[in-house]
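Reader: Please take one part of this model and go through it closely. I would like the charged contacts and their surroundings.

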Amino acid sequence: MFLVKLLSSLLQQREIGRKRWVTELRWMQEFSPPQWSKAPPPLHKLDGAREILDSEKLWKQPRNRDFVPCVERSSSYTSPPETRGYLLVHTNGGLNQMRAGICDMVAVARIINAILVIPELDKRSFWQDTSNFSDVFDEDHFISALASDIKVIKKLPKELGPTTKAVKHFRSWSGLDYYEDEIARMWEEYQVIRAAKSDSRLANNNLPPDIQKLRCRACYEALRFAPHIEAMGKLLVERMRSYGPYIALHLRYEKDMLAFSGCTHGLSPAEADELTIIRENTVYWKEKEINSEEQRAKGYCPLTPKEVGMFLSALGYPSSTPIYIAAGEIYGGDSQMTDLQSRFPLLMRKEKLASPDELEPFMSHASQMAALDYIVSVESDIFIPSYSGNMARAVEGHRRFLGHRKTISPDRKALVHLFDKVERGSLKEGKGLSDKIIEIHKRRQGSPRKRKGPISGTKGKERFRSEEAFYVNPLPDCLCRKGQHNTNTSYINR
């Protein structure tokens, strides 16, 4: 009797959701660009208890083992000490590379007793975004949230304009000794130190607990997006939620990534040539000669949209699953998206969820558009990246910090091996492939674990490079067992 009532209740909820979906669809089609105008099919009703249980399993979150954020300052932590000079920071890379760099520079400013001047965003990267810090982040909140840690000012005082500045490339993955000795010693000659780059300048591990917690406070509390981005992000999340639980798919199949990685599998000769030319002409990309098939076999390439569709189907997600595409322009356009679209018609993205007028303020700014994707991804029921790039790592880390929300990390090396078998006809899509893929990914769903250290046998920079980045996994530094601390576990400010 209880099961019958449960089934009846779930079916009623499903029907309500379907009616709301039909209403939303009319609005969605009105604003959808032509390439996304195909109407998704109606949602299917559940056929019984087994399908309900299967659905619950697909969306079930990993056990967080009672880990919650704990970033409070220790009893020995003091208010900002007397400062010795000013730290200017030129960030580099895309949005998420800049985010991590900014948070590291907050910690560096604390270590070397510097006043941090609001960082300058990278305007010369591949994306050519002219946004300033206050266009992307809430500048006033950033300053006030860190007031007990460091002093942050918006601009260097005018009287220091003509002052000679020490321009320094901080050494990658450096520890406390480097900054306290080599960098802090520069205050003897200079009032202003300029960090020429911000990415990966601070060690992932073996730093004082208060410094590690400061990095988390900077990243997950102080570095809030600008109000107009937060508001639009919240609206996109609400519109995705109207379709029920959703997957955020970071489909990193974009021109810059394919050119950088040298991955051309499934592309035409003309497209492969175009990517090669881009790579050769981008001076700060060091590696020019890349064997695409070798890259792919090693798992170094993003999954193609077709491969992502096969992956999601093998995991058991039905065709009615709402999927948010967190990405810029997909390289190859419709021709690359055909297979994924046919498997999962309810593909959504910013341009489909919002009208042109709503998106107009963000359209010419890659960092602001990426920030919208970041918000929708962090708040999703499941996050799946097709490639482990800067955004994938940043979102995974943030979701771990907020309660180990489900993040499925594809084993690309294993997957392409299986997909190639399917392509050759030695393996068919179906239960056999599904069982293999599900088994491979049982332990790749965002469960709590400590941050991975360096690969055994590596030395020097390669040793640091092989470590799991601090912002991918804030455990153990910024997470501890429930009962000791309590923190809001939503990204969006309510």
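Author: Glu429 and Arg343 form a salt bridge whose closest N and O atoms are 2.7 Å apart; the term stands for a side-chain nitrogen of Lys or Arg within 4 Å of a carboxyl oxygen of Asp or Glu. Because Glu429 sits in the loop between α18 (412–424) and α19 (431–440) while Arg343 belongs to helix α13, the pair ties together parts that are 86 residues apart in sequence. Helices (H or I, at least four residues) and strands (E, at least two) are DSSP runs, numbered from the N terminus. This is a predicted model, in which local features need pLDDT of at least 70 and side-chain atom pairs count only at pLDDT 80 or more, whereas totals for chains, interfaces and linings use all residues. Residues are numbered from 1 along each chain as its sequence is written, and side-chain values use heavy atoms, with hydrogens and water left out.

Arg343 also forms a salt bridge with Asp339, with the closest N and O atoms 2.9 Å apart. Both residues lie in helix α13 (residues 334–343), 4 residues apart, about one turn of the helix.

As for accessibility, Arg343 counts as buried at 18% relative accessibility. Asp339, at 24%, counts as partly exposed, and Glu429 is partly exposed with a relative accessible area of 41%. Here buried means under 20% relative accessible area, exposed over 50%, and partly exposed in between (1.4 Å probe, protein chains only).

The structure holds 27 salt bridges. Elsewhere, Arg73, Asp149 and Arg217 are linked in a network of salt bridges.
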